[in-house]
Amino acid sequence: DFQGVRDVVRLIGKAVGETARADAWIGDFDRRIAAIEARAGPERPTAVLYQVNSFAAGAGSMADAALTLAGFRNQAAGYGTLASGQLPLEALLARPPDLLVLGSNPEDYPTAVADNLRHPALQRLLQERPSLALPWALWLCGTPHIITAVEKLAAARAAVLARGPGV
């Protein structure tokens with residue numbers, strides 16, 4: 001979670017003798033979070049973070065925290081996905097979210113593990129609905145980069161709301 005990111009930054013800052021730098025980073029992190037929260041409204045469109053091998057990030061994951069902070073409802077739980085679990089492409093296509101977030105580029109995985117991301121039906125969905133590609137380096141682990149992912153998600157939320165949920 002975000003508190004865990006702060007804790008790790010403090011721990012590393014202390015370990016390398018850079019506590020002032022760590023504190024400055026945490027201050028910037030908190031200002032960026034506050035700016036995102038200040039723009040949030042009551043509308044909470046749905047989003048799903050969909051990955052290679054049909055994995056989706058559900059409740060309790062770092063990606064779920066990022067989606068929530070950015071103003072989305074994580075629809076993965078609506079499919080029965082836990083913190084991390086497989087989401088059949090058929091379920092995603094039957095009830096697509098307002099924003100589909102791809103956790104990786106299928107071209108980075110030339111094996112069958114990314115066939116779900118190359119599937120023609122998913123490609124059609126990506127043409128019809130809003131989507132966002134977020135590289136794994138931004139959100140996979142609780143690193144300082146997560147705030148950049150949240151900012152990108154918040155910007156995508158504004159675009160989804162301008163377009164209208166469910167469109």
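Because the model is predicted, local features need pLDDT of at least 70 and side-chain atom pairs count only at pLDDT 80 or more, while totals for chains, interfaces and linings use all residues, and side-chain values use heavy atoms, with hydrogens and water left out.

Let me start with helix H3, residues 62-69, and helix H8, residues 146-163, whose axes come within 8 Å and cross at roughly 45 degrees. Helices here are DSSP runs of H or I with at least four residues, and strands are runs of E with at least two, numbered from the N terminus; axes are lines fitted to C-alpha atoms, for helices over the stretch in contact, and angles run from 0 to 180 degrees between N-to-C directions.

Which residues meet? Met-62, Ala-66, Leu-67 and Leu-69 in H3 meet Ile-146, Val-150 and Leu-153 in H8, contact meaning heavy atoms within 4.5 Å. The residues of this contact divide into seven nonpolar, no polar and no charged.

H3 is itself largely enclosed by the rest of the structure, because six of its eight residues are buried, that is, under 20% relative accessible area with a 1.4 Å probe, protein chains only. The buried ones are Met-62, Ala-63, Asp-64, Ala-66, Leu-67 and Leu-69.

Turning to helix H2, we find that H2 and H8 pack at an angle of about 15 degrees, with their axes 10 Å apart, and they are therefore roughly parallel to each other. On the H2 side the contact includes Phe-29, Ile-33 and Arg-39, and on the H8 side Ile-146, Glu-151 and Arg-157 are among the residues taking part. By class, this contact has seven nonpolar, one polar and four charged residues.

Ile-146 touches several residues beyond four places away in sequence, including Phe-2, Phe-29, Met-62 and Trp-139.

How values were computed: Residues are numbered from 1 along each chain as its sequence is written. Ala, Val, Leu, Ile, Met, Phe, Trp, Tyr, Cys and Pro count as nonpolar, Asp, Glu, Lys and Arg as charged, and the others, Gly among them, as polar. Buried means under 20% relative accessible area, exposed over 50%, partly exposed in between (1.4 Å probe, protein chains only). Angles under 35 degrees count as roughly parallel, over 145 as roughly antiparallel, 65 to 115 as roughly perpendicular and the rest as oblique.
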